[in-house]
Structure formats: C-alpha cells, structure tokens
Amino acid sequence: MNVVILAAGKGTRMRSGLPKVLHPIGGMPMLGHVLRTAQSLKPKKIIVVIGHGADQVKAAMQMLPELSAPAPIDWVIQDPPQGTGHAVAQALPKLDPKSMVLILYGDVPLISRQTLQQLIDTAEKNRGLAVLTAMLDSPTGYGRIVRNAHQHIERIVEEKDADASIRSICEINTGFMAAPAENLAAWVSALDNHNAQKEFYLTDIIAKSVAQGNAVHALRRDSSEEILGVNSQEDRAQIERIYQRGIAQQLMSAGIRLQDPERIDVLGQLECAPDVAINIGCVFEGNVQIEAGAVIGPHCVIRNSRIGHDAVIEAFSHIDGATIGPKSVIGPYARLRAGTELAEGVHIGNFVEVKNSVLGPRSKANHLSYLGDASIGSRVNVGAGTITCNYDGAEKHRTIIEDDVFIGSDTQLVAPVTVGKGATLGAGTTLTQDAPENALTISRAQQVTIKNYRRPQKKEH
Ligand code: UD1
Ligand code: CA
C-alpha cells in the first residue's frame, strides 16, 4: 500500500502567514497528525504533495523525526497548485504501479486508523475505487455524492458547481479515497479543468470509473467528527476542542480525575497514573508524566516535566523541564525552570523561581526567592527573599548548600560559594566567602540606636 497526502494548498481562508497544514492541533502541526496516522497503517511509502511554503512544511516535519518511520517520506512539489487531481498527478511517478493507493488530506487531522483501514479493505475487496462519505446535517462547502436510482454512486459535484437540488444532498465526499495505482494513474491523467474553479478535481475520477463500468464503493459514516477538515480559524478551534475532548476521555477512562474535561489542554503527550487529579485550566506541553496520587491545582502550565507520586502542585504554577519528587508541595505561583530536580518532600512556595538546581529531601524555600545553579542538600531551610547571585555578567557560578543549613531571610549568596553542613546564615547576609559548618555566619552592619532623635519638621509659614 502507498499513501499520498495532499498538502500543497495555500489555506487562504486561514488568513495567516503560516501554511495551513502547519497550524497545530494538540500542539502538533495538522500534517503531523496525518503522517502519524499514515505511518500506523504501515504503508510501503508515503508521498506528500507540498507547494505553498514547501520548505517550511518540510522543515517542520523533519523536526518530528519519529514521523518519518517506518515508511520513508517522499516530498513532491506541486507548483502552482491547480486542484486536488493535479496534486495527485504530481505523485503518480512515485507510486508502485501494483500497489493500492490511499489518498489523505493534510487539513483533515482527526481521521482514524480504523476508518482508513476499512476504506483500504473496501477498495481491495472490490479491486476498485472506494470513497469515504459521510451524512452531514449541514453539508455546505463539501462535494456532494450523487447516486442513481439503484443507489450506486455516479459522480461527485463540488459545492461551487452544484445547483439547488444537488446542494440539498446531505451525503458528502470526505475526500478520502483508495484505488489501485494503475487505475488511479489512468483516471487522473484524463482529468480536465472545465469547472467553476478551473481546477483539476480529483473527485472527477468517480465518474471516470463509473463510465468504464467499474462500480465505485462507498464507505459511509453517519455523521462523524473525524472527517472534519480545517479551512478557517473557527474550524481549527472546533477540531482542537474535539481532539482535547478525546484526550480527556482517555484520561478519565484511565482513572484520572478531571475537574472539568472541557477545561484541559494537552499540547503533547501527557502520561498519568491512576488517581491523579487535575483541576481546571491546566495546560500540558511536550512530554509530561504524572505519578499516582499527584494533585494539580487550577491554571498550572506544565511542560516537559515529571511529577512524583502524591506531589501537590498548587494553583498558577509554571513548571518547565523539572523533576518533582514524591510528596513535594509546589506553589501557588511557583516557577520551576529547566534543570530543576527536587527530591522527596520538597516545598517550593509562592513567588519562588528555581533554575538548574537540585534540592535534597525535605528542603524548603517557601517564599519569594531565586535559586539558580544551586546544589542544595537535605532539610535545608531557605528563608524568604533569598537570592543566589549566580551570574557575574559574564559567567554562571554554582552555589553549594550542604545538609541541614538554615538560611535567614533576605540573604544573597554570591556564587561561587559554599555553605557547610549545619551552618546558619543570619538574616540579611551577603555571603561572598564560604560559610563554615555548624556555625553562625552573618554580614550585617551593627545596629545602633540614637536617643532623643528628632525627625526634621516642616517649617511653619
Ligand atoms: C475537497 C474536495 C471535496 C471534499 C472536501 C473534503 C476536491 C475537488 N474537492 O474540497 O469534494 O468534500 O475536500 O474536505 O477534491 N490541495 C493540494 N493541491 C491543490 C489543491 C488542494 O495539495 O492544488 C490539498 C490542500 O492542501 C488540502 C486538500 O488538498 O489539504 C483539500 O484541498 P481544499 O482546497 O481544502 O479542498 P476542498 O475545497 O475542501
Ligand atoms: Ca478542505
């Protein structure tokens, strides 16, 4: 089996500089979804017809290397695009002549592997053309399926070429077709562009097959979300929500408690163990793993991170490239950046930013701090307003804080600097040299009191 994916169209109705097939659904370009589904059918080859923004489209797909296996992807340029039939014509020289060909659309991202497999099976059983059709309450914009008195398919008429009686037909062409390569090549080479749009319509191959006495077989879906195509921003948003609903459904059937399945966005891969609870308005990006019993509060953004079992992430936390140990408590309003590694039972409170730092078991930084490039041991208490001064304007330096250290509030640690085991830093210290173990280190101007001090008074006029 060979797959041809049509993705050369400009997507004028998107009103965007980005090629249409690169607009994302669930954080991945639409074309990526189609390629992934195509690969799951294990074809011999995949041919993608590109035109508008060809280099950009190709580059974006090559950034998703898992999509180029197992079948190799052949890129074919259609310039300028002259219709779906013309697009398939560009792919003909690349097809294996004896194979079955499946035609997919770069702007119909939700189509399922199961439906496509059925379409291929239909074409194979009949050694002829099979078309996926659907019944829609509002068929406007789609090509209509015209059947004869015996209910056999005769032809497809595009909306722009249809009269009122044909427009009233509710069975539409989804665009998905399967046919033997040799037949497809013969029909496509014989297409003309004598129609309202002056385009070579792929849909005209139906009438060509019928004219040769070969029946066209329909696989009909009674209304279906998977066949919806994206032509406008409204369509994209509608399909995004359908996709997100599907993910929410999968999470719930795996035992995840979603406060509201309509208010979650997964833009990548979210893996959750059972008994994870996710509150409203959370966004998950890239690869996120959440272990059993973890609780995610409302309006958190979590990207490429791992959350340990029974951890609690309070509202409005932003977590990116971090590993969070079991039973840790984060936020509200925490920001964990790349290279943050928290062991078990760590507490990171409000307005604390952590970057490229390791915190050992049961260490705490509960308020208003910046911890960057720091190695922090176990049971360390970081007081409010503590800042690691990790950057000297040219280089980054590390701060090392050993086990059981107590850091008073409003301390600056000017890196590179080490605080020894069990040390205490007095509030307000600016630490520029290492602090020894088990001692109090403090840098602070002596406190003085001036008795009988009078504040300046306003002059009487
Ligand atoms: C097409 C079908 C219509 C069907 C609908 C389903 C034709 C003539 N019409 O209409 O019957 O109901 O899909 O969604 O086939 N493309 C190219 N090169 C081109 C033109 C288009 O690669 O020259 C690609 C586009 O990038 C897109 C796909 O083909 O991925 C469909 O093109 P589009 O212009 O959106 O066709 P529709 O008007 O939706
Ligand atoms: Ca379309």
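Which backbone N or O atom lies 2.8 Å from an oxygen atom of ligand 1? Select Gly-9 to find out: the backbone of Gly-9 supplies that atom. Before going further, keep in mind that this is a predicted model.

**Stop 1: the ligand and its surroundings**

Show ligand 1 together with the protein surface. Ligand 1 takes up the space of the largest pocket. Now select the residues around ligand 1: there are 22 of them, and the closest are Gln-78, Gly-83, Thr-84, Glu-158 and Asn-173. If you colour this shell by class, you will have 8 nonpolar, 11 polar and 3 charged residues.

Next, switch to a cartoon view and pick out β1 (2-7), α3 (84-91) and β10 (171-180). Each of these elements supplies at least two residues of the shell around ligand 1.

**Stop 2: polar atoms beside the ligand**

An N or O atom in the side chain of Gln-78 is 2.7 Å from a nitrogen atom of ligand 1. Asp-107 faces an oxygen atom of ligand 1 instead, with a polar side-chain atom at 3.3 Å. How much of ligand 1 does the protein bury? Taken alone, ligand 1 exposes 750 Å², and the protein buries 89% of that.

**Stop 3**

Gln-78 belongs to the loop between β5 (73-77) and α3. Is Gln-78 buried or exposed? Gln-78 counts as buried because its relative accessible area is 2%, under the 20% cut-off.

**Stop 4: the loop at Asp-260**

Now move to Asp-260, in the loop between β12 (257-258) and β13 (264-272). Which side chain does the side chain of Asp-260 join through a polar contact of 2.7 Å? Select Arg-263, whose side chain is the partner. Then show the backbone of Glu-262, where the nitrogen lies 2.9 Å from a polar atom of the Asp-260 side chain.

**Stop 5: Gly-293**

Finish at Gly-293, in the loop between β15 (282-290) and β16 (295-296). Gly-293 counts as partly exposed because its relative accessibility is 22%, which falls between the 20% and 50% cut-offs.

Key:
Residues numbered from 1 in each chain as written. Chains lettered and ligands numbered in written order. Predicted model: local features only at pLDDT ≥ 70, side-chain atom pairs only at ≥ 80, totals over all residues. Heavy atoms only, no water. Near = heavy atom within 4 Å. Polar contact = N/O pair within 3.5 Å; in protein donor to acceptor, adjacent residues only side chain to side chain. Areas by Shrake-Rupley, 256 points an atom, 1.4 Å probe, with all protein chains shown as cover. 1 Å grid on protein atoms, 1.4 Å probe; cavity = no way out; pocket = protein on both sides within 12 Å on 5 of 7 lines; lining within 4 Å. Sits in = over half its atoms within 2 Å of the grid points. Helix = DSSP H or I, 4+ residues; strand = E, 2+ residues; numbered from the N terminus. Nonpolar A, V, L, I, M, F, W, Y, C, P; charged D, E, K, R; others polar. Buried < 20%, exposed > 50% of the residue type's maximum accessible area, 1.4 Å probe, protein only.
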